[in-house]
Amino acid sequence: SIKFEQYQSSGINAEYGVITVTEDLGEWYRGYIGARAGIFPGNFAKEMGEQTAASLPPPPPGALPVLQIKPIATAKMLESYCTEDIKLCVGDDVSILAQPDSLNVYIENVEGKRTWIKTELIKCVDEPPSNAPIGAERIPASLHCTSLYNYTAEHDDELNLRVDDIVTIIEQSDEHWWIGKVGCNVGMIPANYVMQINDHRTWETVSAWNSNLTATEDERTRQEAIHELISTEKTYIDDLLLVVEVFYNPLCAVATEEELSSVFVNWQQLILCNARLFRALFNHSDINSFETVGAVFLEEIDSLTVPYTKFCSSQRQAMKALLEDTSAVFKQKEAECGSSPKVGKLPLSTFLLKPMQRITKYPLLIKKILSHTRDSHADYGPLQACLTRTEQLLTAVNEAVRATTRLESLQRVFVKCLSDDLSDRVVLNSNTKCLGPRKLIYFGSVCKAKGSKELFAVLFNDMLWVARVDKSKYGIAKTIDLDARDFDSIKFEQYREPFMLHDMILTNKTSDQPTIQFVYNDKPYTFHCGTPAECGAWTDYLSEGIGQAMLSYQSQHRSTLPDPTVTGVATLTLRIVEGLELSAPAEDKPTSVFVQGALHGHIQRTPVGSPKWDHTMHFIIQDATSDKINLTVYKSYTFSPNVSLGKFDLSVQKLLKSGLGPWNKRLILTDCQSGMVNVTISFRYHGNR
């Protein structure tokens with residue numbers, strides 16, 4: 001990338017910005033800034049190196065021009081309207097460029113002059129009928145931008161911005177300050193703090209494309225296939241933006257954060273990565289000719305993997321949340337939004353399917369381009385690599401969806417057969433205690449060492465679960481398949497509570513039969529497998545899983561020793577007596593709570609149990625004027641991460657203001673609804689001091 005400083009040319013006009021260079025022309029470069037492409041002199045810019053736009057200091061206001069927006073409707077003036085800049089008479093024809101609400105409309109007269117007026121002053125002559133059929137042609141999304149920098153509002157009429165926010169632009173009448181909307185918040189934003197996503201001039205250029213009549217028939221067919229990729233990408237991004245404009249922003253006023261995140265998941269990430277892909281494809285082409293596409297697509301495809309894997313694997317839960325779990329107010333507002341002609345009266349659920357539909361089309365679109373590309377063409381090799389990568393992307397997404405579906409099937413089983421006295425309820429499709437997201441590793445049938453009754457074992461990255469099975473309705477001889485439609489017909493009964501991998505020791509002593517042998521809480525367990533191959537698979541997966549779980553658990557839960565080379569100036573002895581009025585969830589038992597103390601990387605913990613610890617910690621004080629001991633109370637969970645119940649920073653300097661102790665203190669916890677910890681503190685200087 002190149003940081004642009006100041007120049008004027010017919011290629012790109014701006015005063016400040018970040019230009020991505022696409023071609024070195026010697027003393028000139030070809031590149032793009034935002035959605036504008038062109039050539040510029042190299043001596044008017046300087047290289048940024050590894051910097052990114054977000055790392056640059058915010059630019060001074062004023063750099064982006066007002067766009068030529070495509071009219072969304074035409075109208076006639078019902079009353080006269082006159083200002084210093086524009087004069088409108090009764091009966092004058094005007095074009096509607098934007099209508100953010102029912103009260104105001106942005107119009108353009110036949111002379112090309114624009115202004116905001118009240119909706120009551122005009123009458124639409126080609127307004128979409130209110131009884132338009134479901135699925136009718138939709139109105140394009142308004143102009144949307146993504147924020148390049150954080151911006152803190154300095155006045156009440158301004159809008160706070162965070163990097164990568166999706167901003168719906170309502171008004172651009174001022175060159176330097178626009179009116180934008182993020183969620184349900186509206187306000188002024190500096191125009192050069194944002195970058196356009198759906199630049200309407202770019203949109204119109206793609207829509208107005210015509211194949212090169214001078215090209216051969218094969219080349220024209222190839223150009224048409226490339227144009228299909230780019231134009232459908234444009235349409236898809238418009239759909240993503242319509243969801244923000246028509247559904248997300250209005251719903252922000254009535255929905256909880258949990259409802260929004262469960263329904264829309266990472267919708268903003270999808271917009272950003274696809275807008276980047278579209279911009280790259282468009283800016284590497286001429287108006288009526290697309291020479292190469294494979295290399296460009298190949299550079300951007302990796303950025304799609306994480307966002308699409310996350311969204312598509314969460315799509316089923318998002319649909320369930322939308323249809324079943326959201327409040328009545330949410331559902332009412334969503335139905336109201338879905339009646340908008342902008343989305344053709346289609347419900348939000350229809351749009352939630354589009355990301356998965358789009359990701360499945362990429363291999364087909366690339367394959368179509370490749371079929372019309374000569375093997376001697378410079379783009380043939382990149383297109384082949386691109387086809388492989390899009391197929392790998394689709395496979396990764398499908399595997400993530402499959403893994404989520406399996407976890408949902410097992411979750412239904414867990415709810416039915418896990419004992420009620422578990423320390424906390426197991427939610428499979430969530431984070432483990434210390435290994436990140438829970439993953440399904442392996443599953444299959446095993447038997448107890450004594451007897452031949454079938455058991456079903458499931459290995460996750462944090463635990464091994466074993467259950468008795470009744471397959472009378474499923475089929476006695478059938479192998480249990482998590483993906484089978486009749487999986488729910490199997491009856492499961494818990495064999496015992498799950499084996500946590502960090503407490504397991506794999507032994508696997510020599511045996512004539514294929515067996516799995518391990519010790520758990522000092523008790524040996526042996527299970528028979530059907531074949532040596534199955535036994536080998538179980539042993540390998542268990543060995544790897546136990547090793548990773550032990551390392552992760554020990555690194556997170558062990559206390560650390562102070563640096564032996566640091567003697568310090570004093571020793572502070574802290575006896576953690578008990579916790580009072582801790583704000584643990586109401587359904588949790590008042591057990592499995594501990595206190596963690598930390599100073600200079602020296603970490604100590606009380607035992608986990610009821611909040612009557614009576615545990616002593618010793619800390620080496622290096623500087624009595626600045627040292628603070630960070631105390632945090634945690635609720636410990638078996639199958640999910642620990643949860644903070646509050647914290648307190650114990651300042652040595654404040655403590656010594658009341659003498660040299662000892663002290664009995666009641667520490668009031670912060671970052672919580674309520675909570676206190678009673679402690680006894682003593683302090684001893686080293687040496688003769």
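Partly exposed describes a residue between two cut-offs: buried means under 20% relative accessible area and exposed means over 50% (1.4 Å probe, protein chains only). This is a predicted model, in which local features need pLDDT of at least 70, side-chain atom pairs count only at pLDDT 80 or more, and totals for chains, interfaces and linings use all residues. Residues are numbered from 1 along each chain as its sequence is written, and side-chain values use heavy atoms, with hydrogens and water left out.

**Exercise 1.** Find how K320 and E324 are paired, and where they sit.

Solution. Start with the rule: a salt bridge is a side-chain nitrogen of Lys or Arg within 4 Å of a carboxyl oxygen of Asp or Glu. The closest N and O atoms of K320 and E324 are 3.9 Å apart, and the two form a salt bridge. Helices (H or I, at least four residues) and strands (E, at least two) are DSSP runs, numbered from the N terminus. Finally, check accessibility: K320 is partly exposed at 42%, while E324 is exposed at 55%.

**Exercise 2.** Work out which parts of the chain R438 and D462 link.

Solution. First, the salt bridge between R438 and D462 has its closest N and O atoms 2.9 Å apart. R438 lies in the loop between α10 (380–417) and β18 (440–448), and D462 in the loop between β19 (454–460) and β20 (463–470), so the pair links distant parts of the chain, 24 residues apart. Both R438 and D462 are buried.
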